[in-house]
Amino acid sequence: MQVSVQNRSVLYAQAESALVTEGIHEADLVEVRRFSNVFGERVGLVFKIASGPHLGIELMEAAALKASPRGKLAELLCGMGGADGSLLTAHELIGRRCRIAVRHEATKTGKTYAAIAQTFR
């Protein structure tokens, strides 16, 4: 079975009905991806939904690759029980189950995608 990661670029081509629903979902952190874009060095946290109608769907949330204690990466990792917002902590949390808060957001062109707003233990 092929599973696609629902991130902003993948979701642009999908109908809104195919999006993961807004709300709280059980998920596992399955991968940490480093990449660069126009915003600089980034890290993507890939979560796989572990139960419910969206079982097996992967969502990725990207953040700046900065170990700032107030940054988005630190917020996501600390919500999972991580000590800080470092890349090392992100890799240590792979395999950890948590809850993710999914919210639908829109791009500048108006296309809707599923974003991970927050993580919880």
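A nonpolar core is a set of buried Ala, Val, Leu, Ile, Met, Phe, Trp, Tyr and Cys residues joined through side-chain atoms within 4.5 Å. With that in hand, let's look at this predicted model.

In soluble globular proteins, nonpolar side chains tend to be buried together. Here, the largest nonpolar core holds 21 residues, and the members that touch the most others are Leu29, Leu45, Phe47, Leu59 and Ile100. Two or more residues come to this core from each of β2 (23-37), β3 (40-49), β4 (58-64), α2 (72-79), β5 (97-106) and β6 (112-120). Among these, β3 is the top contributor, giving four residues.

Stepping back to the fold, the protein contains three helices and six strands. Their order along the sequence is β-α-β-β-β-α-α-β-β. Of the contacts with a separation of 6 or more, 48% join residues 24 or more positions apart.

| Quantity | Value |
|---|---|
| Buried residues, out of 121 residues | 41% |
| Carbon and sulfur share of the accessible surface | 52% of about 6800 Å² |
| Residues with pLDDT of 70 or more | 86% |

Now a word on confidence. The protein has a mean pLDDT of 88.

How values were computed: Residues are numbered from 1 along each chain as its sequence is written. This is a predicted model: local features need pLDDT of at least 70, side-chain atom pairs count only at pLDDT 80 or more; totals for chains, interfaces and linings use all residues. Side-chain values use heavy atoms; hydrogens and water are left out. Buried means under 20% relative accessible area, exposed over 50%, partly exposed in between (1.4 Å probe, protein chains only). Contact means heavy atoms within 4.5 Å. Accessible areas come from the Shrake-Rupley method with a 1.4 Å probe; for residues, only the protein chains shown count as cover. pLDDT is the predictor's confidence in each residue, from 0 to 100.
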